[in-house]
Amino acid sequence: MWSSRLSVTVGVVACVVGALVIFAVGIKDVVHLLELLWNYLISGSHEIRNDIIMVVVEILDTFLLGSVMLIFAFGLYELFISDLKNANDTNSGGRILVISSIDSLKSKLGKVILMMLIIKVFSYFTEMKPESMLDLLYMGIIVVLVALSLMLSKDKKE
């Protein structure tokens, strides 16, 4: 029965492959960004500038999603299969991927997903054109709620 935990390896490998695919999409977006930058330097168009900003936000979102997939894969591996020796080594970048329980994994994933949502909210802000004072008030409330969510997600140890 204990050996059945190794079936989680399928999920781990699938998540790592998925993360690599997402990173490949992110690299393609970076190439697209460089093309936009070249066109902007040639023409100086304000519309291309806005496109550049949106592509940068999409790149951040893409790489964060790839990071979520990797964190999830490493977490499953540590919980069910074996400890990752480099994750425990403080000389190799700290103990960022040390996952001791499902709650620890959920906490780490939740923080990265929260950052993805914040990036998405601010990408919508770049597209919005407030037409009234009420729109500005709503935007202000959203900023306060985002700040509150960041404050509440902060570790108590820090």
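Me: A helix is a DSSP run of H or I with at least four residues, and helices are numbered from the N terminus. In this predicted model, what is the phi of Gly-44, which follows α1?

Reply: Helix α1 covers residues 8-43. Gly-44 comes directly after α1, and its phi is positive, near 75°.

Me: What distance does helix α1 reach from its first C-alpha to its last?

Reply: Helix α1 has 36 residues, and at 1.5 Å a residue the expected span is 52 Å. The reach in the model is close to that expectation, at 52 Å.

Me: Which helix is included in what covers the buried residues of α1?

Reply: The buried residues of α1 include Val-8, Cys-15, Ile-22, Phe-23, Asp-29 and Leu-36. Among the elements that cover the buried residues of α1 is the helix of residues 46-80, α2.

Me: Is Asp-61 buried or exposed?

Reply: Asp-61 lies in helix α2. Its relative accessible area is 14%. Because the cut-off is under 20%, Asp-61 counts as buried.

Me: With the side chain of which residue does the side chain of Asp-61 make a polar contact?

Reply: Leaving aside residues up to four places away in sequence, Asp-61 touches Met-116 and Lys-120. At 3.4 Å, the side-chain partner of Asp-61 in a polar contact is Lys-120.

Me: What accessible area do the residues of the nonpolar patch with Tyr-138 have together?

Reply: Tyr-138 is in helix α5, residues 133-153, and is partly exposed at a relative accessible area of 46%. The surface patch holds Tyr-138 along with residues including Leu-134, Ile-141 and Met-151. Together, the patch residues have an accessible area of about 810 Å².

Definitions and conventions:
Residues numbered from 1 in each chain as written. Predicted model: local features only at pLDDT ≥ 70, side-chain atom pairs only at ≥ 80, totals over all residues. Heavy atoms only, no water. Helix = DSSP H or I, 4+ residues; strand = E, 2+ residues; numbered from the N terminus. Expected span 1.5 Å × (residues − 1). Buried < 20%, exposed > 50% of the residue type's maximum accessible area, 1.4 Å probe, protein only. Contact = heavy atoms within 4.5 Å. Patch = residues over 30% accessible without salt bridge, like charges linked within 9 Å, V, L, I, M, F, W, Y side chains within 5 Å. Areas by Shrake-Rupley, 256 points an atom, 1.4 Å probe, with all protein chains shown as cover. Salt bridge = Lys/Arg side-chain N within 4 Å of Asp/Glu carboxyl O. Polar contact = N/O pair within 3.5 Å; in protein donor to acceptor, adjacent residues only side chain to side chain.
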